[in-house]
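Notebook open, model loaded. I want to go through this one piece by piece and jot down what I look up.

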Amino acid sequence: MNVNKTAIGPRERWQNAAACRDTSGGSAYAEWFSEPDDVRESDAAREMRERAAKSLCRSCPVRRDCLVAALEEHDEHTIRGGLTVEERRALRRKVNRTAAEVAKAA
Ligand code: SF4
């Protein structure tokens, strides 16, 4: 069997283009995307952190892929695709409501 060991899947492909990814494979902006573990974050600090992360997401070439993956995975952590956990929950509810309305009308 011929196995291409350099082949990468679609997920790895978009993750490699992520604006938040650094060249060593980690996240160069990790502190923008999650609450600090060791201290309680103030509302002002959280707003500044989320604003910085969302700003980076707006320039990200794979924002749509990231958001779709976060919704599919029910990711309940950090900002992904430019949306907070709460914003993704609201979007999921809206999508589900719309799907239910379409099903009812069909
Ligand atoms: S949309 Fe934001 S969280 Fe997602 S890969 Fe791009 S920069 Fe990272």
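Ligand shell first. I looked up what surrounds the ligand and got Ala18, Ala19, Cys20, Leu56, Cys57, Cys60, Val62, Arg63, Cys66, Arg80, Gly81 and Gly82. A residue gets on that list if its C-beta atom, placed from the backbone, lies within 6 Å of the molecule. By class I have eight nonpolar, two polar and two charged residues in the shell. Here Ala, Val, Leu, Ile, Met, Phe, Trp, Tyr, Cys and Pro count as nonpolar, Asp, Glu, Lys and Arg as charged, and the others, Gly among them, as polar. Helices α3 (43-58) and α4 (63-73) each supply at least two shell residues.

Ground rules. I note that this is a predicted model, where local features need pLDDT of at least 70, side-chain atom pairs count only at pLDDT 80 or more, and totals for chains, interfaces and linings use all residues. Numbering starts from 1 along each chain as its sequence is written.

Confidence. The average pLDDT (the predictor's confidence in each residue, from 0 to 100) is 86 for the chain, and 87% of the residues score at least 70. Residues 1-5 sit below 50, and I find zero contacts for them beyond near neighbours in sequence. A contact means C-beta atoms, placed from the backbone, within 7 Å.

Fold. I count five helices and zero strands, taken as DSSP runs (H or I, at least four residues, for helices; E, at least two, for strands), numbered from the N terminus.

Core. Which residues make up the largest nonpolar core? I get Trp32, Ala53, Cys57, Val62, Cys66, Leu67, Ala70, Ile79 and Leu83. A core is a set of buried Ala, Val, Leu, Ile, Met, Phe, Trp, Tyr and Cys residues joined through C-beta atoms within 7 Å. Buried means 20 or more other C-beta atoms within 10 Å of the residue's own, exposed 12 or fewer, partly exposed in between, with C-beta atoms placed from the backbone. Helix α4 gives the most to this core, with three residues.

Leaving out residues up to four places away in sequence, Leu67 touches Arg80, Gly81, Gly82 and Leu83. Just after α4, I noted a positive phi of about 50° at His74.

Key: Contact = placed C-beta atoms within 7 Å.
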